[in-house]
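Visitor: I'm new to this structure, and I'd like a close look at one single part of it. Could you pick a pair of charged side chains and walk me through it?

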Amino acid sequence: MHIGIDVGGTNTDAVLLEGRSVLAECKRTTTADVTTGIVEAVGGLRQAFDPAAIKAVMIGTTHFVNAVVEGRGLTRTAAVRLGLPATTALPPFVDWPRRLRQVIGGHGYLCHGGHEYDGRVISPLDEDELRRVAADIAAKGVRSVALSSVFSLVNGDLERQAAEILTAEVPDLVISFSHEIGRLGLLERENATIINAALRELAGQIADGLVASLTAQGIHAPLFLSQNDGTLMELEYARCYPVATFSSGLTNSMRGGAFLSGLHECAVIDVGGTTTDIGMLHNGFPREASSEVTISGVRTNFRMPDVLSLGLGGGSVVNQTPDGIGVGPDSVGFRLSQQALVFGGDTLTVTDVAVAAGLADIGDPDRVRHLDRALVGSVLGHVRDEISSHVDRMRACPAPLPVVLVGGGSVLVPDEIEGVSELIRPAHHAFANAIGAAIAQVGGEVDRVFAMEPARRDEVLDAARQEAVDKAVAAGAKADTVRIVDVEEIPLAYLPGNASRVRARAVGDLVFD
């Protein structure tokens with residue numbers, strides 16, 4: 001048996017699985033501190049299992065992305081870039097919002113080092129320069145450092161050597177390496193590393209809190225967190241790479257949709273309490289974004305799902321204005337059970353409209369019988385049109401495509417949508433996010449530039465595949481279950497020497513002790 005948990009903006013869902021069978025499910029309101037909601041959701045399953053029988057707990061959490069968006073709990077962080085005499089035009093933090101830069105200090109340092117795309121060193125490390133940087137970091141009371149180097153994805157040695165020099169001078173420094181976090185694109189990779197470094201202390205506190213909350217209920221099984229590519233990571237890994245949890249809720253829903261429907265090539269629409277998220281599944285995994293992703297105004301390039309989000313969900317506020325009906329993006333969120341009309345509140349929400357239309361049976365329907373039929377029809381028409389247009393934007397070809405509906409708010413979606421060949425609401429669809437966490441696999445990925453000589457092309461691709469497999473096994477995957485799910489080769493025409501960017505991803509089933 002294992003437990004899957006997903007923390008959403010409105011609800012925290014938990015499911016109990018034995019193998020691939022769903023035994024029990026529980027939905028609780030997300031709490032302001034998040035952890036309390038997790039405890040309550042697991043508590044709702046307690047009568048269905050013996051704590052000693054649980055082999056693993058998988059959690060998809062919004063703790064970390066919320067911390068960045070709200071600018072709270074972040075550690076003062078320094079960004080050390082190796083690249084002089086190049087890269088001086090755009091220093092670290094150059095494109096950061098002022099508010100967020102002030103929260104973490106905004107201390108940036110440019111030092112010698114870095115590589116060309118083919119592995120040649122731009123300039124050697126200057127140890128005295130790095131020691132002066134270390135002294136300044138210590139004087140400012142900075143505890144976490146984001147270390148980035150030009151083309152470190154080709155060769156990360158200079159980042160590691162610089163870390164040894166910095167920690168020799170300031171032993172308690174926590175270092176995050178850009179070659180372990182981001183992808184091609186110096187500024188975006190550096191930004192992702194800074195965000196990760198700023199979250200490291202919070203990650204330790206949250207990890208300890210999650211373990212303590214489960215231990216209090218008698219559960220001593222290993223704890224895993226969901227990553228934003230639909231795979232799992234061990235708790236110790238999450239302490240080092242908290243940024244990898246961003247958007248894990250979306251990928252959980254999509255993976256859960258694939259599991260429940262049996263489809264591996266389709267669109268998934270996840271309608272929650274605050275937002276509706278639409279993504280595409282390829283080979284059973286979310287299609288990844290091909291460009292940079294903006295997090296709270298900061299451009300980053302670590303792996304993220306290609307998802308369109310609209311401010312439309314069960315908790316979206318409905319406003320009647322002289323110009324017509326307005327739906328969202330404002331939402332009552334996790335306060336739905338206090339503020340919606342059907343629960344005795346005074347705010348008209350999409351959930352109230354769904355109850356009035358007979359699409360949902362929650363709360364007290366008598367409280368919304370007075371709603372005008374024209375209003376109800378207008379709101380549902382708005383929902384249909386918005387979702388239809390966003391599905392159309394996500395499609396890769398003009399042919400109609402199957403769509404899987406998941407999430408507690410999926411009852412809001414009409415049975416027919418233009419451009420959709422088949423609309424599937426699978427069993428347990430309201431808990432697809434938690435199920436996606438529970439059935440998630442372990443992954444490994446390679447993404448870097450190779451010199452792709454024609455005679456060695458197959459050899460290079462095989463080496464990239466094998467490295468991805470080895471990373472998956474090292475992360476905890478059962479060796480005989482690991483498979484390659486994606487290989488991408490992009491020739492870089494602007495670089496000499498037949499250079500190509502190669503991305504390979506492998507996944508496998510988790511080893512249960």
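Guide: Happy to! Please keep in mind that this is a predicted model. Let's begin at Asp462, which has a relative accessibility of 45% and therefore counts as partly exposed, since that class runs between 20% and 50%. Its partner is Arg465: the two form a salt bridge, and their closest N and O atoms are 2.9 Å apart. Arg465 is partly exposed as well, at a relative accessible area of 29%. Both residues sit in helix H13, which spans residues 457–474, and because they are three residues apart there, about one helical turn separates them.

To put this pair in context, the structure holds 22 salt bridges. Asp157 is partly exposed at 35% relative accessibility, and Arg160 is partly exposed at 37%.

Another salt bridge joins Glu169 and Arg131, with 3.6 Å between the closest N and O atoms. This pair links distant parts of the chain, for Glu169 belongs to helix H5 (residues 157–169) and Arg131 to helix H4 (residues 127–139), 38 residues apart. Glu169 is partly exposed at 42% relative accessibility, and Arg131 is partly exposed at 32%. Glu169 and Arg131 also belong to a network of salt bridges that takes in Glu127 and Asp128.

Key: Residues are numbered from 1 along each chain as its sequence is written. This is a predicted model: local features need pLDDT of at least 70, side-chain atom pairs count only at pLDDT 80 or more; totals for chains, interfaces and linings use all residues. Side-chain values use heavy atoms; hydrogens and water are left out. A salt bridge is a side-chain nitrogen of Lys or Arg within 4 Å of a carboxyl oxygen of Asp or Glu. Helices (H or I, at least four residues) and strands (E, at least two) are DSSP runs, numbered from the N terminus. Buried means under 20% relative accessible area, exposed over 50%, partly exposed in between (1.4 Å probe, protein chains only).
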